[in-house]
Amino acid sequence: MESFIEKIYGAFPNHRTIAPVEEKVFTHWNFQDFQNAKYVNVLADRSDLYALSIMIENYAAKHSRPLVAAFEDEARYKYVEGRYTKLMKSLPKIWIIGNFNNPYLAQSIPAHASVISCVGTNLSTVWIVVTRDQNGPIGLVADDIGGGRFKGFFSTDNKIVKYALDMIAYELKTEIDVMKKEWESAPGGY
């Protein structure tokens with residue numbers, strides 16, 4: 001099965017050739033630095049992507065923006081469950097995609113949160129944390145390449161991030177649209 005990132009690079013071949021940023025950016029850059037870079041390829045370990053993910057989540061919370069987050073398994077979600085419970089209450093819309101079937105989670109979420117299983121898809125190894133800025137979708141998309149390492153990108157180029165979200169929605173047979181105006185006034189929103 002072709003990796004999710006390789007499918008994206010197939011549509012954006014010039015992005016594949018951009019060298020990954022040095023790992024030190026994850027300890028030296030703040031979120032504004034990532035935004036200013038506009039697009040960076042990453043080859044990083046879990047702790048680096050975790051730090052970037054928190055920056056994206058904080059941006060979504062601060063600006064009351066929708067959030068899309070994917071988890072490789074239930075244990076990964078359980079690790080951040082407390083933070084995500086708070087995010088669900090404050091964000092106008094949130095999609096939680098997981099390589100798990102969790103009826104407990106689905107019963108304890110607000111109406112404006114969606115929990116979607118990706119079991120059996122090529123999304124089961126994908127790390128996704130996406131929100132939006134004033135121009136469109138922004139965020140992190142990466143594939144687990146083994147050994148605790150991930151390959152992907154962070155981008156504020158809304159074309160490539162929207163393409164990734166559209167691929168996710170197609171694969172999961174659902175709608176994921178972080179740009180809908182209704183997310184600005186949904187429960188937990190403005």
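## Nonpolar cores

A nonpolar core is a set of buried Ala, Val, Leu, Ile, Met, Phe, Trp, Tyr and Cys residues joined through side-chain atoms within 4.5 Å, where buried means under 20% relative accessible area, exposed means over 50% and partly exposed lies in between (1.4 Å probe, protein chains only). The model is a predicted one, in which local features need pLDDT of at least 70 and side-chain atom pairs count only at pLDDT 80 or more, while totals for chains, interfaces and linings use all residues. Residues are numbered from 1 along each chain as its sequence is written, and side-chain values use heavy atoms, with hydrogens and water left out.

The largest nonpolar core holds 31 residues, of which Leu49, Leu67, Tyr84 and Ile94 touch the most other members. Helix H5 (residues 46-62) contributes the most to this core, namely 6 residues, helices being DSSP runs of H or I with at least four residues and strands runs of E with at least two, numbered from the N terminus. Another core, which lies apart from it, has 28 residues, including Ile8 and Met167.

## Aromatic pairs

Rings of Phe, Tyr and Trp (its six-membered ring) pair if their centres lie within 6.5 Å, and planes under 30 degrees apart count as stacked, over 60 as edge-to-face and the rest as tilted. By this rule there are 8 aromatic pairs. Phe12 and Tyr163 form an edge-to-face pair, with 5.5 Å centre to centre and 75° between the planes. Phe12 lies in the loop between helix H1 (4-11) and helix H2 (13-16) and Tyr163 in helix H8 (residues 158-172), so this pair ties together parts that are 151 residues apart in sequence.
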